[in-house]
Amino acid sequence: MTAPLLRVEGLRRHYASGGGLFGRARYVTRAVDDVSFDVMPGETLGLVGESGSGKSTTGRLVMGLEEPDAGRVVFDGTDLTSLSSSQRKPFRRRMQIVFQDPYAALNPRMRVGDFVQEPLLVHGAEAGPDRVAALFRTVGLDPAFMQRYPHEFSGGQRQRIGIARAIALRPQFLVADEPITALDVSIQAQIVNLFQDLQESMGLALLFIAHDLSMVRYLCSRVAVMLRGRIVEMGPTEAVFGDARHPYTQALLSAVPIPDPAHERGRKRLAFDAGGYAFPPAAALRDLGGGHFVLMGEAA
Amino acid sequence: MREVWRALTRRSGWLGLLGATLLVVLVLLAIFGPWLDLPDPTRTNLRARMVAPTLSWFSLGAHPLGTDQLGRDILSRIIAGSRVTLMVAGAAVLLGGVLGTLLGLISGYFGGWVDRILMRLVDIQLALPLMLLALMVVAALGPSLRNLVGVLALVSWVRYARIVRGQVLAVREREFVQSARAIGASHPRIILRHILPNVLTPALVVATLELARVIVLEAGLSFLGLGIQPPDPSWGRMLADGRTYISSAWWIITFPGLALMLTVLAVNLLGDWLRDFFDPRLAVR
Amino acid sequence: MALLAIEDLSVGFAREGRFARVIPGLTYGVEAGETLGIVGESGSGKSVHALALLGLLPQPPGRILGGRAVFDGHDLLAMSEARLRDLRGGRIGMIFQDPMTALNPVLTIGRQIAEPLMRHKAMSMRQALDRAADLLALVGIRDGARRLSQYPHEFSGGMRQRVMIAIAISCEPALLIADEPTTALDVTVQGQILDLMAELRDRLRMTMVWITHDMGVVAGIADTIQVMYAGRIMERGPVDAVFANPRSAYTYGLLQSLPHGSRPPGGRLMQIPGCPPDMFAPPPGDPFAPRNPFATPRCHVEAPPLRPVPDSVPGHMVAAWYDLPRLLA
Ligand SMILES: Nc1ncnc2c1ncn2[C@@H]1O[C@H](COP(=O)(O)OP(=O)(O)O)[C@@H](O)[C@H]1O
Ligand SMILES: Nc1ncnc2c1ncn2[C@@H]1O[C@H](COP(=O)(O)OP(=O)(O)O)[C@@H](O)[C@H]1O
Ligand code: SF4
Ligand SMILES: [Mg+2]
Ligand SMILES: [Mg+2]
């Protein structure tokens, strides 16, 4: 078996809020709580869960945009969390991120060509206009657009620009944080196809954070389900979708709308109170076989 | 820029357009004053003391706005004074703006103790009366053009710092800044390429409003004898000198006063308009 | 008889001296008891037309250029603002996408539910608050009596949307217009809201217009689906017929671009090329033609009218010059 490209071990990030100048914080949000997973080279791991479950925070921690309170992010054998920012720089060209909001993700005061070129400059790579033009073509944009500013582009085009920047350094690993959530239905398929093409041509591994479970099922080989900062179920996509074991996963899957009226009329949604759910004591991910893990208490 | 121009020429922009026009005329006058073939603003002529204004523009040697107590031509003094005033105010605004923007950027971007110290300084300075601060510094360092610019810059940097810092806090969280960090861009690069361009417009708005304030402040200091020194003409000085003759020769104090008022009005109109122009967007972003 | 009949509604927007007819002339009806699902990507005029017929369109920049919207025998567009206010929140309920902006942050939830009851049903504050507590229970918020005194920020997103629903149905409206009420919500919460709405609709015999961009949501809640693009109806009809046998290339594209199951090796999603038209410079002819691989030369110059599909169920209509099944065969 090959070694994982990315290994996340016991990652934790808690946010304190509401504290006064002297007093202790009143609330602690356990945004990410003991999260572990692997991503193999070229693989797509889906990360799903309700909003606020810690998906984006996990993505930021993996990218080193934020420091974890505990845990390790091991990329290709190197523990990134122990590195200084200059030691980390070479890894920056090997892992990149694409954001959800195509409006906030581009610098409104920078020509999009310069924006795509910037990572090449920062890392001293070949950054001529031909290289940038090639990147534009790779993501399906006309290189003639290089001189324009972001406000002249539609949401889908902006997302392509963000992707062009992210793949400029030919990374091996990409975090895609809800890259299609804000896009129109007719544009989503374009972007998903683009990701797939890139993956095939570059051997890219993806951490695909998403809302849309149908798309995750379609695109990802494995999926992890998050609930209030913890992974409650993880495994090969078909195992999780076909044989969900955690009540939250079951509820989630039972709620996905399917574009088929007959199916919808017969559907029975399962109730699950995500806010009120209590994790069993000493809960840990346990292997059901075939790499299908479920969060369970000791006794279960 | 095209957008700015279009908005200025719309009906709702006429006040801003008026301000901009006045200011342009003023700057042109200040720049091309020496070529206007006006009497030397510092040449005294005791035989022509306190000549009343006359409307005969083209008659040779006439003083359209009259002369002062030493027989100097008021129109040429106002124009010459505008050079000094605008130069001093412009330099002060530029210096204060650059300093304030830089400190605001650093404060907002790095946060932590740097931020706490800088913002405490800002609070303290905002609590002090400006005139008092300026007076203290000039009294300590002595009046000179350079000190004057320095003092004026010193009293105005805080407003930039404060506004810019607030904007940085908002921009810093936006995803393109995170993206810059993700590609490994250095702090100076992130600040200069990604944050600065997105906080520049509010800083520009502050600059126009500060320009008006600084002009008034300079006039005040000169009026008190702590600003521009004679025989160099300055509006503040002219006001101070003319004060004594207000009942016998009203024009000595009235015309420089009017010039000052118009300038401040123009700058304020433009500044208010700029603020309204940019503010709705700033709120949305 | 149609409860709501929109005839040739036409709406435009002025921006920077340019003018766009974002809805060039919309005609459709909703029968009493029917649930109409309107789908289409953003910018297709779904919200604008709903706001226009409720008298809520900001004018300017918007402008209603003509048409009628007959509700219960009266033209909403010709009605005085005062009469419209009586209808809104009374006989016509509304739910919008963002519950946080639609609720007033400084008023208690109880006040906000009670207000339409006092206004439209002439209840006293006491009666209205009692009814409000019942309504909260009806939309699945437990402990309603206590929560009446809470403020919107004390509720989660899904809870706020339930409150919006409580307000919208408080006066037992004949017609409920819901504009993307679940778009901002999580899948599980969306599912709960959909179940709740279906139940309330049946209980109160409401007629609903449900606006969304999610084909799966329409499939679940609507009797009739109406697909809109660039302010026009591309296709409409009973959900079963349209989903099973789409006749517009746009409907077909929307359905095909959705993933089904997991990806077969080497598989790709069918994608609709290009992006929606700029309404300030719309293409001549059918607005979808530039993105439509099936477009005929005629589509590019002349917009097709909405006509019944000859060999389908009654009510199935399409605006197309081409015959999609023949082209696909
Ligand atoms: N910078 C922050 N400060 C405080 N709380 C935060 C911060 N970022 C995220 N959170 C909280 O952490 C939790 C997880 O957030 P996030 O990772 O964005 O979730 P998701 O991406 O799954 O929607 C949420 O409750 C959120 O409010
Ligand atoms: N306030 C506005 N000013 C200018 N154009 C607007 C405004 N609101 C909506 N539009 C335009 O009207 C069209 C329809 O918008 P909308 O009804 O909101 O679409 P949908 O709800 O289907 O996403 C779009 O082209 C949009 O750009
Ligand atoms: S973004 Fe600024 S510079 Fe660019 S067109 Fe608009 S106003 Fe002019
Ligand atoms: Mg997120
Ligand atoms: Mg809408």
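Q: Let's start with strand pairing. In what sense do β10(A) and strand β12 of chain A pair, and over how many bridges?
A: This is a predicted model, so take everything here as computed from it. When you read a pairing, look for the direction of the two strands and the bridges that link them. Here β10(A) and β12(A), residues 293–296, run antiparallel and share two bridges. For a landmark, find A:Met234, which sits opposite A:Phe293 in β12(A).

Q: Which strand pairs with β10(A) over six bridges?
A: That's strand β9 of chain A, residues 222–227, again in the antiparallel sense. Across this pairing, A:Val223 faces A:Gly235 of β10(A).

Q: Now chain B. Where does UniProt place the feature "transmembrane region"?
A: The unreviewed UniProt entry lists residues 12–36, 48–65, 86–110, 130–155, 199–228 and 248–271 of chain B. For each span, you can look at the helix content and the distance between its ends. Residues 86–110 of chain B are 100% helix and 0% strand, with end C-alpha atoms 35 Å apart. Residues 130–155 of chain B are 88% helix and 0% strand, yet their end C-alpha atoms lie 7 Å apart.

Q: And the ligand: how many residues surround ligand 2, and which are the closest?
A: Begin with the shell, then go to the individual contacts. There are 13 residues around ligand 2, and the closest are C:Gly43, C:Gly45, C:Lys46, C:Ser47 and C:Val48. By class, the shell has five nonpolar, five polar and three charged residues. α1(C) provides the largest share, three residues.

Q: Which atoms does ligand 2 meet at C:Ser47, C:Lys46 and C:Gly45?
A: Look for N and O atoms facing the ligand's oxygens. An oxygen atom of ligand 2 is 3.1 Å from a polar backbone atom of C:Gly45. For side-chain N or O atoms, the distance from a ligand 2 oxygen is 2.8 Å at C:Lys46 and 2.6 Å at C:Ser47. Overall, the protein covers 72% of the 560 Å² of accessible area that ligand 2 has on its own.

Definitions and conventions
Residues are numbered from 1 along each chain as its sequence is written. Chains are lettered from A and ligands numbered from 1 in the order in which they are written. This is a predicted model: local features need pLDDT of at least 70, side-chain atom pairs count only at pLDDT 80 or more; totals for chains, interfaces and linings use all residues. Side-chain values use heavy atoms; hydrogens and water are left out. Two strands pair if DSSP finds at least two bridges between them. Helices (H or I, at least four residues) and strands (E, at least two) are DSSP runs, numbered from the N terminus. UniProt positions are given in the numbering used here, feature names are shortened, and annotations may be inferred rather than shown by experiment. A residue is near a molecule or strand if one of its heavy atoms lies within 4 Å of it. A polar contact is a pair of N or O atoms within 3.5 Å; within protein, one must be able to donate a hydrogen and the other to accept it, and residues adjacent in sequence count only if both atoms are side-chain atoms. Accessible areas come from the Shrake-Rupley method with a 1.4 Å probe; for residues, only the protein chains shown count as cover. Ala, Val, Leu, Ile, Met, Phe, Trp, Tyr, Cys and Pro count as nonpolar, Asp, Glu, Lys and Arg as charged, and the others, Gly among them, as polar.
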